[in-house]
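Please read them with the sequence and the structure open beside you.

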Amino acid sequence: MQVLAALSAAVPVRLMNRDLLFILEKLVSLMEENRLEMLARQNRIRQKRDDGGIGKKLAAYIRRADEGTLSRLLVNTPILLVASRTNTAAALRDRASTYKVDSRYSL
């Protein structure tokens with residue numbers, strides 16, 4: 001989680017809100033429930049028991065988010081998707097080196 005947070009902080013690009021929203025909605029729909037929970041936890045989103053699920057809560061959060069938050073989510077989401085299909089530590093280490101983030105302290 002610390003490496004993911006550091007990667008989010010290193011994202012310098014600002015894209016248009018509608019583009020980010022479109023891409024994120026498509027990427028989030030591909031994610032497994034446990035990865036959605038990680039993404040939600042990273043953004044301090046909590047699920048209540050009577051809610052419609054973490055996916056619904058995360059989708060509502062994404063629709064209300066500003067461009068900076070959407071940009072960070074756009075970096076985090078593919079990392080989590082890749083990590084679910086390969087070695088999680090290797091995927092995070094690869095992204096950390098791309099953004100020149102020190103990953104030794106948490107991997």
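1. The protein chain exposes about 6800 Å², of which carbon and sulfur atoms supply 50%; accessible areas come from the Shrake-Rupley method with a 1.4 Å probe, and for residues only the protein chains shown count as cover. Buried residues make up 37% of the 107 residues in the chain, where buried means under 20% relative accessible area, exposed over 50%, and partly exposed in between.

2. On the origin of these values: this is a predicted model, in which local features need pLDDT of at least 70 and side-chain atom pairs count only at pLDDT 80 or more, while totals for chains, interfaces and linings use all residues. Residues are numbered from 1 along each chain as its sequence is written, and side-chain values use heavy atoms, with hydrogens and water left out.

3. The protein chain has six helices and zero strands, and along the sequence it reads α-α-α-α-α-α; helices (H or I, at least four residues) and strands (E, at least two) are DSSP runs, numbered from the N terminus. Among contacts between residues at least 6 apart in sequence, 71% join residues at least 24 apart, a contact being heavy atoms within 4.5 Å.

4. Two packed helices are described by the angle between their axes and the distance between the axes. Here the axes are lines fitted to C-alpha atoms, for helices over the stretch in contact, and the angles run from 0 to 180 degrees between N-to-C directions. Angles under 35 degrees count as roughly parallel, over 145 as roughly antiparallel, 65 to 115 as roughly perpendicular, and the rest as oblique.

5. Helix α2 (residues 17-30) and α5 have axes that come within 10 Å and cross at roughly 25°, and the two are therefore roughly parallel to each other. Their crossing is left-handed, a term used if the near helix is turned anticlockwise from the far one by less than a right angle, with right-handed used if it is turned clockwise. Among the residues making this contact are Leu20, Leu24 and Leu27 of α2 and Leu70, Leu74 and Leu81 of α5. By class, the contact of α2 with α5 divides into 12 nonpolar, three polar and two charged residues; Ala, Val, Leu, Ile, Met, Phe, Trp, Tyr, Cys and Pro count as nonpolar, Asp, Glu, Lys and Arg as charged, and the others, Gly among them, as polar.

6. How does helix α3 (residues 33-42) lie against α5? Their axes come within 10 Å and cross at roughly 150°, which makes α3 roughly antiparallel to α5. The crossing is right-handed, and its contact is made by Arg35, Met38, Leu39 and Gln42 of α3 together with Leu73, Asn76, Thr77, Leu80, Ala83 and Ser84 of α5. These residues comprise five nonpolar, four polar and one charged.

7. Ser84 has its place in helix α5 (residues 67-85), and counts as partly exposed at 24% relative accessibility. Leaving aside neighbours within four places in sequence, Ser84 is in contact with Glu32 and Arg35. Ser84 and Met31 are 53 residues apart in sequence, yet 8.6 Å apart in space, C-alpha to C-alpha.

8. Finally, the axes of helix α1 (residues 2-9) and helix α6 (residues 88-98) come within 10 Å and cross at roughly 30°, so α1 and α6 are roughly parallel to each other. α1 passes α6 in a left-handed crossing, with Val3, Leu4 and Leu7 of α1 meeting Leu92, Arg95 and Ala96 of α6. This contact has five nonpolar, no polar and one charged residues.

Terms used. Buried < 20%, exposed > 50% of the residue type's maximum accessible area, 1.4 Å probe, protein only.
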